[in-house]
Amino acid sequence: MKNLFSLILFCTTSLLFAADKAATISRDTDLFSKPFKDAEIITELSAKSAITILKRKGGWYEIKTNEEQGWVRLTHVRLVRKNKDKQDNNSSVGEALSSLATGRDKSNQVTTATAVKGLSEEELSNAEPDIDALNALDNFAIDENTNNESGLASRNIDYLEGDGTTAKTEQTPYSEDEE
Amino acid sequence: MKYLLRLAQLFFIISISSIALNTYAIGFGGFSLGGDTEEDSNNFDISEVIDGVKDISRTITGIDEAAEIEIGRDAAAVLLGASKPVNDPELQRYINKVGRWVVNQTNRSHLPWRFAVLSSTHLNAFATPGGNIFITDGLLRTLNSEAELAAVLAHEVAHVIKKHHIKAMSSINTSGLSGVLKLAGQTRGGQDNFIAKEMVGQVKDMYLRGLDKDDEFEADRMGVVIASRAGYDPFALVTVLQTLDSINPESSGLELLYKTHPPAGDRLDRLDPALEQFDDSVEEPPLLEQRFNKYVARRL
């Protein structure tokens, strides 16, 4: 019963994933009319501007400010940090449900989950090596030649050099995988 | 004295990074301005130092793979001593499927890769040399899709490919890499279930201190490419970091992660140029949310 409830809860949250999210701009950045860097620039948004995320497309968020709506680079956006009080009080179902209204917000569960810690500094410092657990990992290993079930096709993409600014740009990453 | 030795060791290892090579050149170049002859002894020293740095760098890159795997097993046993795998065979199998597909995009797919979800509620992920990759249940539950899971695993995989942990452990051991190899030899030569005590201590030291920050940034950049090669969304690491950035850093589950990693916001800033090549991708790679939810969500 509990599992069923969780499942329903989860499906609902998944549907709400695209819901509006409060965020800020991390640096001065252009607001584009479309999710392309050659698209028309609507205006420049300054760092720390408050925005609302409407949806995501590839490396872009569609956002709105009080005046404008358009697209900004994904990496120039920071989600608004949840305040601590809200996290700490989030254990009741009522509050869990209310968090649904603002979108899927699983991070809250992290602080309220029954604590099975194990990797704090102290616990790591006191750990005794467990070789049986290590050997047991073999039970789930997947062989190198096992068929991939993800349905994904691999692509040829070179590693980036330095800061990535010298990356190969003449190739579109998604057009490389002709069989 | 021991402390001094360690400092010297640390300095030497730091000098392996490419920046250090430049620093040496500039630093000693300054000295040589005051020198009278071309045979200035300072100049002679520079080339020796640089050669030494290259040697060490080459040694770490060329470390015997069997030794690397042994060190990694020691390290993994220590981490597993702190947190056990979640008792959920289907989940463990699933994460190995995702991880295997990711590592098959690299030139080290032949390693004995093992992936596991650890039951810790902290938010973290770990790799050990030779291909053991762990993600905590806490971090897994904050993720939204298989693409995000692949992004986290690919970051850890990149550490293994680049042998960042071997480098970090060599900087902790007062005898550098040869000291680490010696400890690994003791483990291998000992009885079953024996790991040299010093090795255990140095492994803990490494995970408590974390890797070189530049190695973290490098793993971010490389991980994005590896996950993209596997067909996953190149921006999934961005959304993971945005989620981490939105969680209060003082939450108990994030202490070790932030002690050992640059802040998520800094990592996003550093990733920015590396992601430009993916910006105008017309096609949107699947996030595989359904498959992810099938194995992860049912546990909520």
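Colleague: Of the contacts in chain A with a separation of 6 or more, what percentage is accounted for by residues 24 or more positions apart?
Modeller: This is a predicted model, and the figure should be read as one computed from it. Chain A runs α-β-β-β-β-β-β-β-α-α-α-α-α from the N terminus on, with six helices and seven strands in total. Among the contacts in chain A with a separation of 6 or more, the share of residues 24 or more positions apart is 48%.

Colleague: What percentage of the residues of chain A count as buried?
Modeller: The count is taken over the 179 residues of chain A, and a residue is buried if 20 or more other C-beta atoms lie within 10 Å of its own. On that criterion the buried share of chain A is 26%.

Colleague: Is Lys48(A) buried or exposed?
Modeller: Lys48(A) is found in the loop between strand 3 (41-45) and strand 4 (50-57) of chain A, and its phi is near 75°, a positive value in a residue other than glycine. Because it has 11 other C-beta atoms within 10 Å, and 12 or fewer is the limit for the class, Lys48(A) is exposed.

Colleague: And is Lys163(B) buried or exposed?
Modeller: Lys163(B), although not a glycine, has a positive phi of about 55°, and it is found in the loop between helix 7 (146-161) and helix 8 (164-172) of chain B. Since there are 21 C-beta neighbours inside 10 Å, where 20 or more are required, Lys163(B) counts as buried.

Colleague: How many of the 15 residues of helix 5 of chain B are buried?
Modeller: Helix 5 (residues 89-103) of chain B reaches 21 Å from its first C-alpha to its last, close to the 21 Å expected at 1.5 Å a residue. What covers its buried residues includes strand 1 (114-118), strand 3 (132-136), helix 7, helix 11 (213-229) and helix 15 (289-296) of chain B. Helix 5 of chain B is largely enclosed by the rest of the structure, because the number of its residues that are buried is 12.

Colleague: How are helix 5 of chain B and helix 7 of chain B oriented to each other?
Modeller: The axes of helix 5 and helix 7 of chain B come within 10 Å and cross at roughly 55°, and the crossing is right-handed. The contact is made by residues including Val98(B) and Gly99(B) of helix 5 and Leu149(B) and Ala150(B) of helix 7, and by class it has eight nonpolar, one polar and one charged residues. With that angle, the two helices of chain B, helix 5 and helix 7, are therefore oblique.

Terms used. Residues numbered from 1 in each chain as written. Chains lettered and ligands numbered in written order. Predicted model: local features only at pLDDT ≥ 70, side-chain atom pairs only at ≥ 80, totals over all residues. Helix = DSSP H or I, 4+ residues; strand = E, 2+ residues; numbered from the N terminus. Expected span 1.5 Å × (residues − 1). Contact = placed C-beta atoms within 7 Å. Axes fitted to C-alpha atoms, helices over the stretch in contact; angles between N-to-C directions. Parallel < 35°, antiparallel > 145°, perpendicular 65-115°, else oblique. Left-handed = near helix turned anticlockwise from the far one by under 90°. Nonpolar A, V, L, I, M, F, W, Y, C, P; charged D, E, K, R; others polar.
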